[in-house]
Amino acid sequence: MLGVVFTGESKLEIREFGDPSPGVGQVVVEMKSSGLCGSDLRPYRSSAEELGPRTEIISGHEPCGIVAEVGAGVRNVRVGDRVMVHHYSGCQRCEFCQTGWTQLCQSEYQKVYGSGAHGGNADYELIEDYMCVPMPEGLSYEEGAAIACGTGTAYQALRRLDVSGRDVLAVFGQGPVGLSGTFLGAQMGARVIAVDPVAERRELAVASGAWKSIDPMQDDPVSAIYELTGGRGADCTLDATGIGEVRANAIRSTRIWGRACLVGEGGTMTVEPSPDIIHRQLNLYGSWTFSKTVLEELSNWVVERGIPLSDIITHRFTLDKAEEAFTLFNGATTGKVVFNWD
């Protein structure tokens, strides 16, 4: 089979790997779609020295496909089942694994697939059987791939914020996660303010349901949000950038008694706790991806409500075009980008 590995300095290779064979409790998934995530760009841009053993590991943590083979003892899925992959393994005994939050497992068995184990940018992926999440009929494979990380991450953050039609929601950053936050927030009935310096991404945000968009290179986003909300500030804000100044702006543009959520990875942040948080009675959340239960909940919600999730997928590639796909994605002008096999 073929698989994509990062080799350093924004380079990659499509390498030949042996087809996987499942052991006890394992499943082989034939890939149908695999998404590119903003968190892929950090290893993609890293040096070979920084990557270390990851130069031998297949990338991709948004896999979606069909069960091709099962090992002994597998009872929860069958060959032919359509599945998304919750891309974490763990001990399956701790409280976090038992509740579907395998990424929070503190044991030596915890792995993130696509970085600590072979991921989904390949023809096949070998996973543990409990990593499979069933797909409802009506959900396409590429929609399943989007849900399997970026869109699922945005949905869980919106759940934490308890977003509804009563809210003005400001989303900072309109990459795959932020754009998903804008799109889903609008579907939940919120008036969404999309903040991003890239014109193409602001245009995508408006097309995806944003009420207003702000170019932070032209206007101070905090002042602009207060102006748009009659001086109150946004009811809730979501940072999907991981950039310190942007995170602080998300917090400062939140109204008194409001809710702010940080979902963008990495970086640092400097705020003044008393004026920025304490004296404004803010609820400040951190949100890291999603549980298996939330992943299944989102997929059913999308299908039952007829939500056109494919609208945020702007580019589709075959695996042999991986270099072109990542070069484009690295330019930060796209919506969701996926590899499709069929």
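What covers the buried residues of helix 8? The cover includes strand 10 (168–172), helix 7 (221–228), strand 13 (234–239), strand 14 (254–262), helix 9 (273–277) and strand 15 (283–286).

## Basis

This is a predicted model: local features need pLDDT of at least 70, side-chain atom pairs count only at pLDDT 80 or more, and totals for chains, interfaces and linings use all residues. Residues are numbered from 1 along each chain as its sequence is written, and side-chain values use heavy atoms, without hydrogens or water.

## Helix 8

Helix 8 spans residues 244–252. Its buried residues are G244, R247, A248, N249, A250 and I251. Buried means under 20% relative accessible area, exposed over 50%, partly exposed in between (1.4 Å probe, protein chains only). Helices (H or I, at least four residues) and strands (E, at least two) are DSSP runs, numbered from the N terminus.

## Strand pairing

Strand 3 (residues 26–35) pairs with strand 4 (residues 63–70) in the antiparallel sense, over seven bridges. Two strands pair if DSSP finds at least two bridges between them. V28 stands opposite E69 in strand 4.

Strand 4 also runs antiparallel to strand 5 (residues 82–85), joined by three bridges. Here the bridge partner of I66 is R82 in strand 5.

## Salt bridges

The whole structure holds 12 salt bridges. Each is a side-chain nitrogen of Lys or Arg within 4 Å of a carboxyl oxygen of Asp or Glu.

E142 and R316 meet at 2.8 Å, N to O. E142 lies in helix 4 (residues 141–161) and R316 in strand 16 (residues 313–317), so the pair ties together parts 174 residues apart in sequence. E142 is buried at 12% relative accessible area, whereas R316 is partly exposed at 41%.

E297 forms a salt bridge with R159, the closest N and O atoms being 2.9 Å apart. E297 lies in helix 10 (residues 292–304) and R159 in helix 4, so this pair ties together parts 138 residues apart in sequence. E297 is partly exposed at 30%, and R159 is partly exposed at 37%.

R202 forms a salt bridge with D215, with the closest N and O atoms 3.7 Å apart. R202 is buried, and so is D215. Elsewhere, E13, R15 and E56 are linked in a network of salt bridges.

## Loop residue Q92

Q92 is found in the loop between strand 6 (88–89) and helix 3 (95–98). Q92 is partly exposed, with a relative accessible area of 25%. Leaving out residues up to four places away in sequence, Q92 touches C97, Q98, T102 and Y130. Contact means heavy atoms within 4.5 Å.
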